Amino acid sequence: MQVIMKKHVHLIRHGITAANQQNCYYGHSDVPLAEVGIDIVRALAGAGVYPMPAGAEYYTSGLLRAEQTLSLIYGNVQRVKLDSLKELHFGDYEMKTHKALKKDPAYIAWINDRSGMLAPPGGESLIQFSERVKRGLQSVLDAGSEHSVVVCHGGVVCNIMMSCFDERSSNVFKWMPDPGHGYSVVFIGGLPVGYTAF
C-alpha cells in the first residue's frame, strides 16, 4: 500500500533591509537587515505569527538577511543553505534603482520584456530564475521532515506560490508578502493542495 506523504512548507520572506527602503535591485547582494527590519521580525515573533512546528527542518538562501531573519524567529537552529533559493540575480543592476537606470536602453528593454527570456547584463532571466527556484523547492520537498521552514526572498516566495497555485496569471506580484510574512503551503504526494497566509 502506497503512503501519500503530507508535507507543510512554511515560506517566510526576510525582514526589511536598507536596500528595500532605497528601492534598490539587490537580489544576490548580501545586505543585512535594517534596524526596523529586526524590530518588526522580533515583534511578529513575539506576537506568535510564525509557525512553530516540532521537528521541522530549516532552510535559508544563505544570504545574510535570510540568515538573520531565521535566527531572530527560531534562534540558533541548524539550517541548510540552498543557493537555489536566492533572489533573482540582477547582474549589473544590483544595488541600483529604477531612477538611476531608467535612461539605459538595455534596462528599458529588460523591464519591458514579457518573454521572461531576457536577463540583465551579468544576471539571470526570469525563466532561469524560475527553474532554479523549482529545483530549490524540490530539494525541500524531497527531504524527510513533515514540516520545512524556508526563510528566503520576496521573488522566491512569489515564484513558488505562482507555480503552485496560479500558473496562468501574469501578475506574480500579487503573491508578494510583506517583509517578515509569508505562507504555509500544504503538499500531498508532492502536489500543492492549499495554503494559509501569515
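In these legends, Ala, Val, Leu, Ile, Met, Phe, Trp, Tyr, Cys and Pro count as nonpolar, Asp, Glu, Lys and Arg as charged, and the others, Gly among them, as polar. Keep in mind that the model shown here is predicted.

**View 1. The lining of the largest pocket, sorted by class.** Here you can see a lining with 16 nonpolar, 16 polar and 8 charged residues. The pocket has a volume of about 1,300 Å³. Its lining takes in 40 residues, and L88, L126, F129, V172 and F173 lie nearest the centre. Two or more lining residues come from each of β2 (24-25), α5 (105-112), α6 (126-142) and α7 (154-165).

**View 2. The second largest pocket and its lining.** This pocket holds about 150 Å³ of space. Look for its lining residues, including K134, L137, Q138 and L141, along with F187, G190 and P192. The elements α6, α7 and β8 (191-197) each give two or more residues to this lining. Which element gives the most? That is α6, with 4 residues. By class, the lining has 6 nonpolar, 3 polar and 1 charged residues.

**View 3. Helix α3 and the elements it packs against.** Follow helix α3 through residues 64-74 and find its buried residues: R65, A66, E67, T69, L70, I73 and Y74. What do these buried residues pack against? Their partners are the strands β1 (6-13), β3 (57-60), β4 (80-81) and β6 (147-152), together with helix α2 (35-46).

Note on methods:
Residues are numbered from 1 along each chain as its sequence is written. This is a predicted model: local features need pLDDT of at least 70, side-chain atom pairs count only at pLDDT 80 or more; totals for chains, interfaces and linings use all residues. Side-chain values use heavy atoms; hydrogens and water are left out. Buried means under 20% relative accessible area, exposed over 50%, partly exposed in between (1.4 Å probe, protein chains only). Contact means heavy atoms within 4.5 Å. On a 1 Å grid over the protein atoms alone, a cavity is a set of points where a 1.4 Å probe fits but cannot get out, and a pocket is an open set with protein on both sides within 12 Å along at least five of seven lines; lining residues have an atom within 4 Å of a point. Grid points are joined across faces, edges and corners, and a volume is the space filled by probe spheres set on the points.
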